[in-house]
Amino acid sequence: MTTTYGTIPTSPTPPKLEYITRGKQRIKAGLGTRRPWKTMFDIRSLGTPAHGAPEGISRIRDNISYFRMNYTMVMLLILFLSLLWHPYSLIVFVLLMAAWLFLYFLRDQPVIIWGRLVDDRLVVVVMAFVTVALLLLTHATVNIVAAVSVAVVVVVVHAVFRRTEDLFFEEEEQVIVSVAS
């Protein structure tokens, strides 16, 4: 027989509150996988490519790989802002954002379809295609094409001018950790 004298009885968390708490934790953890905005927009890390186009292409590849989630957020924000004057498109966009949150930003585990692991890059490409395709069905074509064009230009310009020497990629971090052990 255990004594419970002097303890304060606690009731278990109601299911609705537990769901909200778990959702908050998933949002914090999911958005935590993005790179810090301070790192992305560090003025000291901007510069023109010294060796021309080959270095520019290398920077684009490295920066898009490193800042993938940040660039996706920037592109979706630009697309959202372009749809503010198209209410039907905005409703479709909000529904698609729920899919983005579920399939890309806030998921705990990788996407598995028919027993095969789906790469993050493929999820981004498919979701981007579905987003643009469904939004085009809402007859806001000019706004969507302009927004996607502006978003691509913004991402490419940032990727070209953002130096990559101070970026630590996961493979390098794993090597450093294994060497330190």
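**Stop one: a pair of helices**

Start by selecting H4 and H7, whose axes come within 9 Å and cross at roughly 150 degrees (axes are lines fitted to C-alpha atoms over the stretch in contact, with angles from 0 to 180 degrees between N-to-C directions; helices are DSSP runs of H or I, at least four residues, numbered from the N terminus). H4 and H7 are therefore roughly antiparallel, a label for angles over 145 degrees.

Before going on, a note on the model: it is predicted, so local features need pLDDT of at least 70 and side-chain atom pairs 80 or more, while totals for chains, interfaces and linings use all residues. Residues are numbered from 1 along each chain as its sequence is written, and side-chain values use heavy atoms, leaving out hydrogens and water.

On H4, the contact (heavy atoms within 4.5 Å) includes Tyr71, Met75 and Leu79, and on H7 it includes Ile144, Val148 and His158. The residues there divide into 14 nonpolar, three polar and no charged.

**Stop two: the cores**

Next, pick Leu79, Leu83 and Leu135. Within the largest nonpolar core, of 18 residues, these touch the most other members (such a core joins buried Ala, Val, Leu, Ile, Met, Phe, Trp, Tyr and Cys through side-chain atoms within 4.5 Å; buried means under 20% relative accessible area with a 1.4 Å probe, protein chains only). H4 (68-82), H5 (87-105), H6 (120-136) and H7 (141-161) each supply at least two residues of this core, and the largest share, five residues, comes from H5.

Finally, select Met40, Tyr66, Phe67 and Val155: they are among the seven residues of a second, separate core.

Key: Buried < 20%, exposed > 50% of the residue type's maximum accessible area, 1.4 Å probe, protein only. Parallel < 35°, antiparallel > 145°, perpendicular 65-115°, else oblique. Nonpolar A, V, L, I, M, F, W, Y, C, P; charged D, E, K, R; others polar.
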